[in-house]
Amino acid sequence: MKIILLGAPGAGKGTIAKLLTEFDGSVQISTGDILRSIVKEGNVLGQKAKEYMDRGDLVPDSLIMDIMESRLQEPDCQNGFILDGFPRTIPQAEALAKLLARLKIKLDFVANLDAPREVILDRLTTRRTCCNPSCQAIYNVKNNPPNEDGTCTLCNHQTIQRDDETEEAISNRLKTYHQKTAPLNDYYEKEGLLKIFLSLIADDTIADIIKALKA
Ligand code: AMP
């Protein structure tokens, strides 16, 4: 599959993308995960990116496009990909359209994951993420907890609450989403690519997306 997952922070993009990779071997490409790995490396680029991320702001489009231009040309993308958290702005979507045309890649569709605001806030405040850059598994302390000692059930590294999951950063991320990312729904609607999926129970959302892919 070649799809884009859109949706507010906490709409379930990361969880749904990870589950979809099991369907046909498509790779998850999460710009958030890639950026967190760069931050872990601790170089100047990582320090700069961390400043934007901790505030809940978007990192500059030019950095994201450099990352995505090379990532989409890696061999594992040939089986398909699920873009998670990218594009996040209209300029990113326009640059992506040009890049895909150049690489002769056609998207199946753009899936907008829709969830009520209370559900989103609850998910963001109860989320824990594995700190291992090559794992970054997502947990929820209420209904999908890590091991009792807080370690990841997959790789045993510690799970953490992300620096951008403070109340202030969450509220800024939601504001940024409404200002800069939500307009992408109209953009992809006009392109005839948008499909909306309710994102409450992951298994149901996966089934709906797979049904749409087969249609
Ligand atoms: P996420 O894990 O997708 O919630 O992303 C975490 C943070 O990484 C965001 O709040 C942004 O600061 C940054 N980020 C991730 N993807 C993008 C993107 N496509 N454009 C700009 N910033 C991004």
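Colleague: Which polar backbone atom is 3.0 Å from a nitrogen atom of the ligand?

Modeller: A polar contact is a pair of N or O atoms within 3.5 Å; within protein, one must be able to donate a hydrogen and the other to accept it, and residues adjacent in sequence count only if both atoms are side-chain atoms. Here the backbone atom belongs to Gly85. An oxygen atom of the ligand lies 2.6 Å from a backbone N or O atom of Asp57, and a ligand oxygen is 3.4 Å from a side-chain N or O atom of Arg173. The model is predicted: local features need pLDDT of at least 70, side-chain atom pairs count only at pLDDT 80 or more, and totals for chains, interfaces and linings use all residues. Residues are numbered from 1 along each chain as its sequence is written, and side-chain values use heavy atoms, with hydrogens and water left out.

Colleague: Which residues does Arg88 touch, not counting those up to four places away in sequence?

Modeller: Contact means heavy atoms within 4.5 Å. Arg88 touches Leu58, Lys180, Thr181 and Leu184. The Arg88 side chain also reaches the backbone oxygen of Gly85, at 2.9 Å.

Colleague: Is Arg88 buried, exposed or partly exposed?

Modeller: Buried means under 20% relative accessible area, exposed over 50%, and partly exposed in between (1.4 Å probe, protein chains only). Arg88 has 28% relative accessibility, so Arg88 counts as partly exposed.

Colleague: How far apart are Arg88 and Val39 in space?

Modeller: They are 19 Å apart, C-alpha to C-alpha, and 49 residues apart in sequence.
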